[in-house]
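I opened the model today and kept notes on what I looked up. The entries follow in the order I made them.

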Amino acid sequence: MAPAPARLGTRRSTMATTQSRQVADTITARTGVPVELELITSYGDITRAHLTQLGGTGVFVNNLRDELLGGGIDFAVHSLKDLPTAPAAGLTLIAVTERDDPRDALCARDGRKFSDLPAGATVGTGSPRRVAQLAALRPDLSFVPIRGNAETRLGKVTSGELDAVVLAYAGLARVGRLDDVTDVFEAEQVLPAPGQGALAVECLAARAAADLAYLTAVDHGPTRAAVTAERVVLAELEAGCAAPVGAYAECHDGRLRLRAAVVAPDGTRAVRRERSAALTQDTDPVDTAASLGRELAREMIGEGADRIVADAAGGAA
Ligand SMILES: NCc1[nH]cc(CCC(=O)O)c1CC(=O)O
């Protein structure tokens, strides 16, 4: 008899089901274990509240976590950037998949580049991190908070309601909308969100070394080290996914290079730092990454980065 398929819990959006299906297919290809998708509705998908007003992180992941704890699903796939940095009791990140393109992308009317947008052009994004970094580059633009899935946001450009929207390149790729991209931001211009472009596989901690150990087949070491450094910066700054914090790490020639930026929502104040560390044979890259993230965050706090985070959280949305 064929083994019962593993139950993978996913949000219902096109982006979520596409990325979950990709992870499922890779798991099956590498381990032979069949996987079926279970669609779960999340609060973040149904609420009409503005994302920065939801009062807390994790709106996209809590229902999936409840299903994991209740045994309704065997494992869940999340966009890593939507996962709060605090560990969830009883659960573990058994795998972090190889990162897709981490950059942010502009989708503008008339094929315009970011530098070609006229003064006063309206740019839609619900992310304080994007607004802050974009305002630092182009204080003459008008940033408009928007919500909804990628397709809804792109629709506001097609309809003429907005001149442009900014979205994650990886997400646009997953919903098949790369043709809408008119410009891409390099890390020098806009640092992505910690974990952007990577997917996290989460399961019950008690099953991780037991019947679900095969899930480590989709773990990618260099991505796990990079996103660890990025997420430690976020955690040390006591910031969540709605904070104006960008962080990006990459492994190159045996070194891990970490860059981070904390920018006030109006783009006028910023703390930007970078630091790198050697990845050696006899140290765990994840430990090296965590230390690197802590050191960089402490330097940034010394320059007032924590105050920018606190002011942004306390200020008006
Ligand atoms: N907050 C929603 C969300 N979560 C993950 C992605 C994109 C895909 C990714 O970063 O892996 C998006 C949409 C966006 O930021 O444009």
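Which residues does A229 touch, not counting residues up to four places away in sequence? I looked at A229 and listed A249, L256, L258, A289, L292 and G293.

Next I looked up the core. A229 is among the residues with the most contacts inside the largest nonpolar core, together with V201, L256 and V262. This core has 95 residues. I then checked what helix α8, residues 221-236, gives to the core: seven residues, the most of any contribution.

Entry on confidence. The model is predicted. I noted a mean pLDDT of 93 for the protein chain, with 93% of its residues at 70 or more. Over residues 51-56 the pLDDT falls below 50. In the model that stretch still has ten contacts beyond near neighbours in sequence.

I then asked how many residues of domain 2 are in contact with domain 3. I found eight, and they meet 13 residues of domain 3. On the domain 2 side, I sorted the touching residues into six nonpolar, one polar and one charged.

Note on methods: Residues are numbered from 1 along each chain as its sequence is written. This is a predicted model: local features need pLDDT of at least 70, side-chain atom pairs count only at pLDDT 80 or more; totals for chains, interfaces and linings use all residues. pLDDT is the predictor's confidence in each residue, from 0 to 100. Two residues are in contact if their C-beta atoms, placed from the backbone, lie within 7 Å. Ala, Val, Leu, Ile, Met, Phe, Trp, Tyr, Cys and Pro count as nonpolar, Asp, Glu, Lys and Arg as charged, and the others, Gly among them, as polar. A nonpolar core is a set of buried Ala, Val, Leu, Ile, Met, Phe, Trp, Tyr and Cys residues joined through C-beta atoms within 7 Å. A residue is buried if 20 or more other C-beta atoms lie within 10 Å of its own, exposed if 12 or fewer, and partly exposed in between; C-beta atoms are placed from the backbone. Helices (H or I, at least four residues) and strands (E, at least two) are DSSP runs, numbered from the N terminus.
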